[in-house]
Each structure stands twice: as structure tokens, then as C-alpha cells.
Amino acid sequence: MASKKENPPLISEIFQRRVPQIIGIYMGASWGLIQFVSWLVEEFALSPYLPQFTFIFFLCMLPTIILLAYFHGKPGKDRWTPVEKIGIPVNIFGTIIILFLVFGGKE
């Protein structure tokens, strides 16, 4: 009797693709860069909005990181899917619009 190989549940698949680890690294690096930008603002009297700009940028780019982590986090040959080919440019364009709306009239 041959047993069928069942697909792993979504949670197992997410961990196999190392999505939580990649998001954790992204969040840690983002936090470090936001702290660095805050230091630059204090040290060199740059725009006080720069740390908020940086925070919103990294927050808005999180969907792109999730897509890349899910589709490319598993070892093996990488292929770009239509979801990525459409989703990443839409996310980047949406991020630009959000940043322009929030910070358009500021320094």
C-alpha cells in the first residue's frame, strides 16, 4: 500500500522557507538603521522627519520582504513568480505614494 505524501501545513511551510528568520533579520537591521539615522539627525542637524521617514519606509517595504522570503527562502533553484513580478513593483510604488503623502510638504 503506497502512502500519499501530504503537503505540509502552511505553518510548517513558512518555517521551511525560513520566513520568520528572514523577517527577524530584516526587522533587526531596520531597527539598527533607524537608530543610525536618528544619530545622524542629532549629530548633523538633519531634518527631524528623517527617522520617521526611515521607519515608514521599512514598514511599507515589509510585504516585499515577506514575498521574497517566502518564494526564495528555501534552498534550491529560484524562480520569479507572477505574484512577485506584480507584487513587488506595486509595493514599491505604494510606498512611494505613502511617503509622498505623509512627507510631501515637510523639510
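Tyr26, Phe57 and Phe58 form one aromatic cluster, where rings of Phe, Tyr and Trp (its six-membered ring) pair if their centres lie within 6.5 Å. The model is predicted, with local features needing pLDDT of at least 70 and side-chain atom pairs pLDDT 80 or more, while totals for chains, interfaces and linings use all residues. Residues are numbered from 1 along each chain as its sequence is written, and side-chain values use heavy atoms, without hydrogens and water.

Tyr26 belongs to the buried set of helix H2, together with Val19, Ser30, Ile34, Val37, Ser38 and Val41; buried denotes under 20% relative accessible area, exposed over 50%, and partly exposed in between (1.4 Å probe, protein chains only). Helix H2 spans residues 19-44, and its 26 residues reach 37 Å from first to last C-alpha, close to the 38 Å expected at 1.5 Å a residue. The buried residues of H2 pack against helices H1 (10-16), H3 (50-60) and H4 (62-72). After H2 comes Ala45, with a positive phi near 50°.

The structure holds six aromatic pairs. Tyr70 is partly exposed because its relative accessible area is 25%. Arg17 lies over the face of Tyr70, 4.4 Å from the ring centre.

Key: Rings of Phe, Tyr and Trp (its six-membered ring) pair if their centres lie within 6.5 Å; planes under 30 degrees apart count as stacked, over 60 as edge-to-face and the rest as tilted. A charge sits over a ring if NZ of Lys or CZ of Arg is within 6 Å of the ring centre and within 35 degrees of the ring normal. Helices (H or I, at least four residues) and strands (E, at least two) are DSSP runs, numbered from the N terminus. The expected span of a helix is 1.5 Å times one less than its number of residues. Contact means heavy atoms within 4.5 Å.
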